Amino acid sequence: MELGKPVLFYFYPNLEKKIPWIPLLMGLPTNLDRLTELENEFDLKGGEIYIKRDDKIHHIYGGNKLRKFEFIFGKVKKKKKKGVLTTGGIGTNHGLACAIICHELSPTLKCQLYLFHQPLTWHVQRSLLLFNYFGAKIHLGKGDVGTFIKSLFFKVLHPRYFWMFPGGSPLFGIGSSLGTFGFVNAAFELKKQIDQKFVPEPDAIFIAGGSVGTAAGLIAGCKLLGLKSKVHVVAVYTSLTSNPSAVMKNANKAIKFLRKRDKSIPNIKVNEDDFVFITGYLGSGYGIKTSRGQNAVDRVFELEGHKKGFKLETTYTGKAMAALFDYLKQEENKNKTILFWNTYNSNDLDKYLKETDFQYKKLPKKFHKFYEESKFQCWQITNCPQDIKKSCPAYLNHEYRFWKFTDCMLDEQKQRKALEELKNVIKLEDA
Ligand SMILES: Cc1ncc(COP(=O)(O)O)c(C=O)c1O
């Protein structure tokens with residue numbers, strides 16, 4: 001395992017003593033894979049597509065949050081906090097990453113997750129069980145704002161907890177830029193890879209924007225380095241957090257914070273010409289499965305992911321990829337070099353989930369309805385007998401369903417009936 005010091009600290013050594021940081025990541029720099037099948041699919045004329053494999057950045061859970069956490073948890077450790085408290089949807093990847101890192105840094109560090117409703121999916125059902133598996137305490141709130149406020153009450157009553165902003169990014173310009181540094185640093189990592197000729201300098205970088213700290217850090221980093229790459233931020237949350245002004249505020253706040261600690265950092269300001277903000281892929285709300293998003297997830301998996309070992313999902317990366325698909329259809333973009341930043345985990349979590357044995361009743365009672373009101377899996381619908389379930393690859397798995405493999409032991413009539421039912425629960429919004 002290679003635990004590397006941030007590249008940013010090599011460029012600006014003064015920062016090392018002034019910014020909290022702990023090593024959490026492995027395999028740095030993350031790989032850049034070329035997606036030639038996707039290039040062929042869009043009939044590019046000299047253009048190239050690469051993917052930045054942040055999905056493998058941690059040994060348990062990859063994805064963008066881990067880069068943020070090296071700095072945020074650096075502060076948590078420095079302040080000797082008892083635990084970390086944060087908020088997100090009931091399927092939050094941010095919350096899961098937080099639970100996993102608290103667990104890794106245990107026994108001292110506890111995790112409290114305040115969760116609000118998002119569209120119910122198999123991903124949500126899995127996530128809730130995994131929060132519990134990794135030792136997080138979960139609480140249900142009403143709506144994103146209500147839950148946010150509820151979590152603040154907890155913080156007031158438990159001052160020894162570190163209160164992490166949703167998504168690990170400042171909100172409305174308030175809050176720490178530590179998480180954003182993870183992606184300022186990521187831009188410096190990319191620059192090194194460009195200099196070493198692992199990838200040509202991209203014309204466009206595509207990335208999902210939720211709390212937008214990820215995108216803001218990358219934009220700030222690219223501007224500090226004078227890269228020509230234009231970050232294309234695809235909105236995957238409502239305009240409450242995901243908007244161009246929030247991107248600029250977060251980016252400029254991070255630069256200001258860094259410059260305060262090292263005056264040799266260029267005195268620059270990110271403005272709206274420095275990035276492209278793309279809307280129209282969210283659907284009617286956060287976490288909604290859209291037809292374009294699902295199509296992008298499926299197509300990329302068929303063309304590239306199954307060989308290279310990654311898979312997008314429908315809340316963030318699928319929507320960002322759907323926007324990239326539309327960009328690639330335009331004649332003027334067929335000769336561009338594009339980098340898709342993979343912000344989602346691709347490590348196997350099924351093995352942990354199997355240990356939970358789908359015992360959702362071990363979760364607080366308020367969460368049971370999320371398992372009882374909707375069923376998303378073939379084995380949930382067929383009420384598969386326990387002995388069959390245990391030997392079946394479809395059980396608790398992210399990928400397999402009985403129609404994807406040949407040795408389902410149930411009779412054909414039961415299979416057909418379940419398939420019909422599943423068609424009704426897996427709904428896609430036309431967006
Ligand atoms: C897979 C994935 N991609 C992108 C994002 C968005 O990151 P940010 O909140 O920094 O915009 C998230 C946030 O949870 C995420 O889970």
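Strand 7 (204–209) and strand 10 (residues 337–341) pair in the parallel sense over 3 bridges, where two strands count as paired if DSSP finds at least two bridges between them. Helices (H or I, at least four residues) and strands (E, at least two) are DSSP runs, numbered from the N terminus. This is a predicted model, in which local features need pLDDT of at least 70 and side-chain atom pairs count only at pLDDT 80 or more, whereas totals for chains, interfaces and linings use all residues. Residues are numbered from 1 along each chain as its sequence is written.

**Strands and their pairing**

Strand 8 (residues 230–235) runs parallel to strand 9 and is joined to it by 4 bridges, with Val 276 of strand 9 as the bridge partner of His 232. Together with helix 10 (residues 244–261), strand 8 and strand 9 make a right-handed β-α-β unit, right-handed meaning that, with the strands pointing away from the viewer, the path from the first strand over the helix to the second runs clockwise. Strand 9 (residues 275–278) has Phe 275 and Phe 277 on its covered face, while Val 276 and Ile 278 are on the uncovered one.

**The ligand shell**

The ligand is surrounded by 18 residues, the closest being Asn 93, Gly 167, Gly 210, Thr 214 and Thr 343; a residue is near a molecule or strand if its C-beta atom, placed from the backbone, lies within 6 Å of it. Helix 5, strand 7 and helix 9 (213–225) each supply at least two residues of this shell, and the largest share, 3 residues, comes from helix 9. By class, the shell has 5 nonpolar, 13 polar and no charged residues, where Ala, Val, Leu, Ile, Met, Phe, Trp, Tyr, Cys and Pro count as nonpolar, Asp, Glu, Lys and Arg as charged, and the others, Gly among them, as polar.

**Domains**

The domain assignment, with bounds that come from an automatic or database source, gives domain 1 (7–64 + 176–341), domain 2 (82–159) and domain 3 (375–431). The C-alpha centres of domain 1 and domain 3 lie 35 Å apart. Their contact takes 8 residues from domain 1 and 4 residues from domain 3, two residues being in contact if their C-beta atoms, placed from the backbone, lie within 7 Å. The side of domain 1 that touches domain 3 has 1 nonpolar, 5 polar and 2 charged residues.

**Backbone features in loops**

| Bond | Omega |
|---|---|
| Leu 28 and Pro 29 | about -5° |
| Ser 106 and Pro 107 | about 10° |

Pro 29 is found in the loop between helix 2 (14–18) and strand 1 (32–34), and Pro 107 in the loop between helix 5 (93–104) and strand 4 (110–116). Lys 80, in the loop between helix 4 (65–78) and strand 3 (83–89), has a positive phi near 50° although it is not a glycine, and Lys 80 is exposed, with 8 other C-beta atoms within 10 Å.

Methods:
Buried ≥ 20, exposed ≤ 12 C-beta atoms within 10 Å, placed from the backbone.
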